[in-house]
Amino acid sequence: MRVSATAKYLRGSTRKANLVVRAIRGRRAEDAATILRFMPQGAARDVARVLASATANAENNHNLPADSLIIVEALANEGPTMKRWKPRAQGRAFPIHKPMTHITIVLEDREA
């Protein structure tokens with residue numbers, strides 16, 4: 001049985017979130033939570049939150065034990081970009097792009 005959790009419109013670069021997501025793909029959920037706790041990247045906190053949500057979905061909605069869950073898919077997809085303007089000297093304006101990311105984690109029961 002597959003269980004998933006998604007967090008959308010998270011502020012941060014998709015490229016940076018992919019570094020974190022790649023590190024936990026294919027691992028046990030408990031091991032991945034430990035790895036994320038000690039990663040220096042800022043996106044690790046967001047990914048850890050999504051992983052905790054997916055684990056809670058598996059336990060509460062499908063009665064799956066948390067120690068038998070494996071991360072089958074972990075994706076960081078590009079979301080919309082907020083576009084802002086930074087005023088500069090002599091009446092000019094420079095664009096500022098504030099990216100967003102959608103993070104999805106899919107867990108599967110190891111015994112299934």
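**The nonpolar core**

Begin with the largest nonpolar core, which has 27 residues; select Leu-36, Val-47, Leu-51, Ile-71, Ile-105 and Leu-107, the members that touch the most others. A nonpolar core is a set of buried Ala, Val, Leu, Ile, Met, Phe, Trp, Tyr and Cys residues joined through side-chain atoms within 4.5 Å. Buried means under 20% relative accessible area, exposed means over 50%, and partly exposed lies in between (1.4 Å probe, protein chains only).

This is a predicted model, in which local features need pLDDT of at least 70 and side-chain atom pairs count only at pLDDT 80 or more, whereas totals for chains, interfaces and linings use all residues. Residues are numbered from 1 along each chain as its sequence is written, and side-chain values use heavy atoms, with hydrogens and water left out.

Next, colour the elements that give two or more residues to this core: strand S1 (2–11), H1, helix H2 (29–37), H3, strand S2 (69–87) and strand S3 (93–109). Helices (H or I, at least four residues) and strands (E, at least two) are DSSP runs, numbered from the N terminus. H3 gives the most to this core, with 7 residues. In soluble globular proteins, nonpolar side chains tend to be buried together.

**Ala-32**

Select Ala-32, found in helix H2. Is Ala-32 buried or exposed? Ala-32 is buried, with a relative accessible area of 0%. Leaving aside neighbours within four places in sequence, Ala-32 is in contact (heavy atoms within 4.5 Å) with Ile-24, Leu-51 and Ile-71. Ala-32 and Ile-70 are 38 residues apart in sequence, and their C-alpha atoms are 9.2 Å apart in space.

**Helices H1 and H3**

Now display H1 (residues 14–24) and H3 (residues 43–62), whose axes come within 9 Å and cross at roughly 50°. Axes are lines fitted to C-alpha atoms, for helices over the stretch in contact, and angles run from 0 to 180 degrees between N-to-C directions. Select Lys-16, Ala-17, Val-20, Val-21 and Ile-24 in H1, which meet Ala-43, Ala-44 and Val-47 in H3. By class, this contact has 7 nonpolar, no polar and 1 charged residues (Ala, Val, Leu, Ile, Met, Phe, Trp, Tyr, Cys and Pro count as nonpolar, Asp, Glu, Lys and Arg as charged, and the others, Gly among them, as polar).

**Gln-90**

Finally, select Gln-90, in the loop between S2 and S3. Gln-90 has a positive phi of about 60° although it is not a glycine. Gln-90 is exposed, with a relative accessible area of 71%.
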